[in-house]
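Thanks, everyone. Let's take a quick tour of one structure. Have it on your screens, please.

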Amino acid sequence: MFGGWLADSVIGRYNTLYLSGLIYAVGCALLPTVAFDYEQLGVQLDQTAARAFYITGLVLIACGTGGIKSNVSTFGAFQQEVSFFAGYLIPAVSILLAISLLLLPRPCMTHEAKPSGSPLGQLFKVMGNAISSQSNSIYSLPSWLDYAQISNGGRYPEDVVRGTKQVLILIPLMLPFIGFWCIYNQMQSTYLLQAERMDLSIGTFRLPAASLSLFNSLAIILVTPLLDLVIFPLIRRFAAVTKISLLKRIGLGFALAIVSVVIAGFLEIQRKSELNRSGGFEQELSGRTYNASNLNILLQFFLIGTGEVFAASTGMELVYNNCPDQLKSVTMGVYLAMNGLGSYLGSLLVAIVGAATTADPWLPEDINTGHLEYFCFLLAGVATAFLLLFLPLSRWYDRAYQRTLMRDSDVATATYTQYGSNDENLRSSGSVTLVTGDFRKA
């Protein structure tokens, strides 16, 4: 959210992206300096200093991610077989190359909106003005924010008030994404723990555990063109619909995420059952040995990737297309913050489950002796509750958004009918909205 505010209010989107890339690069550069084997040079690295450098690097990467949402970490997935130094060095070099490429088209970029004060601060000012003007107004208006409009006695033009409405009705619709991200982030936690104790071999090749999230990326690469070129055209042709709404796509993405974690739960039951029958085999990953099952089904990674296509990408499109230009970055920051809240929710559930199941732990250090399947089903229940919240919110948002867009047009039509078709009559009427083409002017 801070990155969005910085872009909208102070230095612009390009400069924020560039600055975030530099911060990310410094963070990435610190990690290989810590992971390097200094003993071969006869140097002993102080562990306190190494820890400080490592934590600083991670913090800088986190800050940089807030501005660029980079995905270079998957390039380091082979590090368990080679070295962590090489695994960290590759994303560091990659982000430096990315920043260099970002500089090339800079002279040709002329379309970026310049920062204009603090639109986030203006949003709160509009709300405050609407509240104060409402108490002094004799009018009864459809929306409490309409009282901030100049034509209704407020201090702000119509487009500013409308933009405030668009942002405020978007924010409640973002909250259910917490449930989706809570499951999505299992790829780096419970899904990974489960996969480490399954057969990761493909023929003679063994998949690095850190690369399993690539199945998510593979799903995105395969599903996105399939939907755009095949599925959606067929639906439009045979179902007599012009398009599938963004809100329905998001709901489907939520459902796929829930199916993903349910499958992970049932797979855990089958994994432990097979492990008890066969005894499993020893699988070494990153210097640790795991008693692994002979199962190697990783369907949950593919399903969560498909869910990302429907929910996360579509949610980003919805937010970007339905908020004013001067608030796009801030609003997008709020949307992306739901990812962090989803991660915190997952951590909270782990803490609650750990405290409540001390006698028969669901999530012990060795999940072969626990009940990871129960935790998966718990996550499915929590995400289902968020989906049930999303359904009425989506209907409410659809109605509220249509009212936000159409009300001014309806007022203009009514006024046009009352005053006739003479533009001079319309202008002389005072607080009248005149609609000309696609533009609204007060």
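Start at Phe 180. Setting aside its neighbours within four places in sequence, Phe 180 is in contact with Gly 253, Phe 254, Ala 257, Ile 304, Gly 307, Glu 308, Ala 311 and Ala 312. A caution before I go on: this is a predicted model.

Now the wider setting. The protein chain has 15 helices and six strands. It runs to 442 residues, and 42% of them are buried. Take the contacts between residues at least 6 apart in sequence: 73% of those join residues at least 24 apart. The accessible surface is about 23400 Å², with 63% of that belonging to carbon and sulfur atoms.

Back to our phenylalanine and its helix. How many residues of helix H7 are buried? Eight of eight, across residues 177–184. They include Phe 177, Gly 179, Cys 182 and Tyr 184.

Next, the largest nonpolar core. It holds 59 residues. Which of them touch the most other members? Phe 180, Trp 181, Ile 183, Leu 212, Phe 254, Tyr 335 and Tyr 397. Several helices each supply at least two residues, among them H6, H7, H10 and H13. H14 gives the most, with 13 residues. There is also a second, separate core of nine residues, which includes Ala 25, Leu 31, Ile 61 and Ala 92. As background, nonpolar side chains in soluble globular proteins tend to be buried together.

On to the rings. The whole structure has 11 aromatic pairs. Look at Phe 177 and Phe 254: ring centres 5.2 Å apart, planes at 85 degrees, so the pair is edge-to-face. Phe 177 sits in H7 and Phe 254 in H10, so this pair ties together parts 77 residues apart in sequence. Both Phe 177 and Phe 254 are buried. Then Phe 180 and Trp 181: centres 5.2 Å apart, planes at 75 degrees, so again edge-to-face. Phe 180 and Trp 181 are buried too. Ring pairs join Phe 177, Phe 180, Trp 181, Tyr 184, Phe 254, Tyr 335 and Phe 390 into a cluster.

To close, keep Phe 180 in view: a buried residue, and a member of the ring cluster. Thanks, and over to you.

Note on methods
Residues are numbered from 1 along each chain as its sequence is written. This is a predicted model: local features need pLDDT of at least 70, side-chain atom pairs count only at pLDDT 80 or more; totals for chains, interfaces and linings use all residues. Side-chain values use heavy atoms; hydrogens and water are left out. Buried means under 20% relative accessible area, exposed over 50%, partly exposed in between (1.4 Å probe, protein chains only). Helices (H or I, at least four residues) and strands (E, at least two) are DSSP runs, numbered from the N terminus. Contact means heavy atoms within 4.5 Å. Accessible areas come from the Shrake-Rupley method with a 1.4 Å probe; for residues, only the protein chains shown count as cover. A nonpolar core is a set of buried Ala, Val, Leu, Ile, Met, Phe, Trp, Tyr and Cys residues joined through side-chain atoms within 4.5 Å. Rings of Phe, Tyr and Trp (its six-membered ring) pair if their centres lie within 6.5 Å; planes under 30 degrees apart count as stacked, over 60 as edge-to-face and the rest as tilted.
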